[in-house]
Amino acid sequence: MARILIAVDGSPPSQRALEFGASLAAKLGEGVVLLHVRPQAAPEAGGGPGTRSEPRASHPGELTPLLEALADKARSHGVAVETELRVGDPALAIHDRAQLADVRMVVMGSRGQGTVARLLLGSVATQVVHTSSRPVVVVR
């Protein structure tokens, strides 16, 4: 089954992305994967900018309250929901998960940083748009 990957972090833009992505999935008869990425606190030995994200199983006891609440919102659209929690660089984790065969597209929010901040700091959405082989919808 093709699914829409929705990157969520609890911010207002990510909640709008969730609403858009779940609504689209319902219209297309597809499911959604909600992906929440926790940034890694400190690089591990041998790790660095190119280090891959580590997926973690989303067993009910491990889901964060945020991810549980967002999954309930997505289910209210009548779609099948899978949740995933990863630890690492958010842009890399979203990119890695989007490459799996079950993902049709990526939906994510944008915090609307100004041009200068985006150039200096980069943005997760910008990085995913430029690296993903899947269509990416950025919701503001």
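Start your tour by selecting R3, a buried residue with a relative accessible area of 17%. Keep in mind as you go that this model is predicted.

**Stop 1: R3 and its partner**

E82 is partly exposed, at a relative accessible area of 26%. The two residues form a salt bridge, and their closest N and O atoms sit 2.2 Å apart. R3 belongs to strand β1 (residues 3-7) and E82 to strand β4 (residues 81-87), so this pair ties together parts that are 79 residues apart in sequence. If you are wondering what brings such partners together, side chains of opposite charge can pair when their charged atoms come close.

**Stop 2: R104 and E30**

Next, select R104 and E30. Which of these two is buried, and which is partly exposed? R104 counts as partly exposed, at 44% relative accessibility, while E30 counts as buried, at 7%. Their side chains meet in a salt bridge of 2.5 Å, N to O. R104 lies in strand β5 (residues 103-109) and E30 in the loop between α1 (12-28) and β2 (31-38), so the pair ties together parts that are 74 residues apart in sequence.

**Stop 3: a linked set of charges**

Move on to D102 and R97. Both are buried: D102 has a relative accessible area of 18%, and R97 has one of 2%. They form a salt bridge too, with the closest N and O atoms 2.9 Å apart. Across the model, the count comes to eight salt bridges.

**Stop 4: the nonpolar cores**

Which residues touch the most other members of the largest nonpolar core? Select I4, I6, V8, L18, V32, L34 and V107; these are the ones, out of 17 residues in that core. The elements that give two or more residues to this core are β1, α1, β2, α2 (65-75) and β5.

Stay with V32 for a moment and show its surroundings. Leaving aside residues up to four places away in sequence, V32 touches a list of residues including I4, I6, A22, A25, V79 and V81.

Note on methods:
Residues numbered from 1 in each chain as written. Predicted model: local features only at pLDDT ≥ 70, side-chain atom pairs only at ≥ 80, totals over all residues. Heavy atoms only, no water. Salt bridge = Lys/Arg side-chain N within 4 Å of Asp/Glu carboxyl O. Helix = DSSP H or I, 4+ residues; strand = E, 2+ residues; numbered from the N terminus. Buried < 20%, exposed > 50% of the residue type's maximum accessible area, 1.4 Å probe, protein only. Core = buried A, V, L, I, M, F, W, Y, C linked by side-chain atoms within 4.5 Å. Contact = heavy atoms within 4.5 Å.
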